[in-house]
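Have the structure open while you read.

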Amino acid sequence: MPEQLQGPSRRTALSLAAALLPAGSRFGGGGEKTIEKLEELLNAFGPTAVRLYAGGLAALEQGTRLVRKGRSFSELPPAEAEALLSEWSQESGQGRRALMAAIASPLKVAYFDDPAIYGQLKCTWRFNATPENPRWMQQVTRAVDLTEDLELECDVVVVGTGAGGAVVAKELADRGHAVVMLEAGAYRTRADFDGRGVENARKFYLDRGMVAALGNAFISLPAGQLVGGSTAVNTATCWRTPDRILRQWVDGEGLTGLSPELLAPYFEKVEREIQVELADAKYLGGAARVVGRGCDVLGYRHAPVRRNAPGCDGSGVCDFGCPTDARTSTNVSYVPLALQRGAVLITEVRAEQVLVEGGRAVGVVGTAVEGGRKV
């Protein structure tokens with residue numbers, strides 16, 4: 001049976017929803033329906049998620065008592081509660097900022113992942129793409145479909161099909177090498193990218209999108225776990241490594257092969273392959289226009305970012321897979337090119353061991369994520 005927030009935890013959650021998501025002229029505020037959706041979201045991430053979240057709510061209650069003369073968060077008026085959340089989310093220290101991120105983000109996701117909200121924003125809720133089955137898909141094998149262990153002989157094994165692995169695989173296949181690619185995730189297509197945020201985050205992201213870095217700030221690190229890696233679920237922004245960073249590597253670390261001058265032709269080659277260009281101004285959206293006006297007033301320079309999405313139509317669901325294949329992520333660019341040149345791809349297999357003989361790598365052993373077959 002799904003876990004639910006009970007008693008004091010539910011009361012705190014309702015107070016948090018009211019403070020984070022106040023009603024406006026177009027949208028209703030956070031309330032009981034939001035908490036029900038939050039519980040559904042948390043249960044999707046495993047049986048302990050609701051209890052962990054309840055622990056965060058308890059920390060919010062206790063922390064508030066320390067700074068509000070013994071009053072808990074759920075006892076504060078909405079305006080005071082909202083001010084406290086704003087104050088804590090901007091603190092330089094890690095503790096309360098991390099707490100705010102941990103308890104506020106799931107609540108916001110639960111509220112906005114709603115067809116009614118999408119409709120109000122005039123966004124598409126569901127995309128329906130026709131599945132495709134090009135000839136090179138014959139080079140793809142799902143490890144979960146294997147009926148026995150599989151042994152392949154090749155020149156090169158490439159682990160991962162994201163920005164690094166897919167490019168290496170294609171370039172080596174171009175040179176006539178026998179290449180096997182191993183990918184822990186599935187090969188998702190535009191037919192799988194239906195725009196659902198929560199549902200797709202669980203399916204397409206490493207550890208269901210719960211990876212984060214802790215340091216001076218709490219930073220979410222959403223890493224893709226599917227063919228294409230994070231390139232298939234990012235916003236298509238394409239920045240070269242800044243020259244100043246490359247020069248630091250050359251001057252400080254002695255990495256002379258990574259100078260801006262030497263890397264420039266490689267950057268240019270990749271940019272041509274994935275068709276990097278300035279984002280179309282008509283799809284930048286209202287937030288970008290507001291930022292642009294602010295920059296103009298303050299005298300700051302601004303411009304659209306460079307993206308590898310030549311066919312972008314502004315669907316706005318980039319982080320959950322492009323439903324039109326407008327983004328030239330590696331799942332629709334480098335991986336197909338490698339397969340067309342004879343490479344083989346095994347999906348849903350986790351590489352676990354590199355076999356070494358005489359100081360030289362001679363093989364890789366992987367295990368199917370389901371069924372336990374060896375590759």
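## Helix 2 and what follows

Helices here (H or I, at least four residues) and strands (E, at least two) are DSSP runs, numbered from the N terminus. One heads-up: this is a predicted model, so local features need pLDDT of at least 70 and side-chain atom pairs count only at pLDDT 80 or more, while totals for chains, interfaces and linings use all residues. Residues are numbered from 1 along each chain as its sequence is written, and side-chain values use heavy atoms, with hydrogens and water left out.

## How helix 2 packs

Buried means under 20% relative accessible area, exposed over 50%, and partly exposed in between (1.4 Å probe, protein chains only). The buried residues of helix 2 include Thr 34, Ile 35, Leu 38 and Leu 42. Its buried residues pack against helix 1 (7-20), helix 3 (49-67), helix 5 (95-112) and helix 8 (197-204), with contact meaning heavy atoms within 4.5 Å.

Take the helix 3 partner: the two axes are 8 Å apart, at an angle of about 120 degrees. Axes are lines fitted to C-alpha atoms, for helices over the stretch in contact, and angles run from 0 to 180 degrees between N-to-C directions. Helix 2 and helix 3 are therefore oblique to each other, since under 35 degrees counts as roughly parallel, over 145 as roughly antiparallel, 65 to 115 as roughly perpendicular and the rest as oblique. Leu 38, Glu 39, Leu 42 and Asn 43 of helix 2 meet Ala 49, Val 50 and Tyr 53 of helix 3.

## Two positive phi values

Most residues other than glycine have a negative phi. Gln 275, not a glycine, has a positive one of about 60 degrees; this residue lies in the loop between helix 10 (260-273) and strand 6 (277-278) and is partly exposed at 40%.

Glu 348 is also no glycine, with a positive phi of about 55 degrees. Its loop runs between strand 8 (344-347) and strand 9 (349-357), and at 9% relative accessibility Glu 348 is buried.

## Cysteines

With a disulfide taken as a pair of cysteine sulfur atoms within 2.5 Å, the count is zero. Cys 322 is in no disulfide: the nearest cysteine sulfur, on Cys 318, is 6.8 Å away. Cys 322 is buried at 14%, whereas Cys 154 is partly exposed at 26%.
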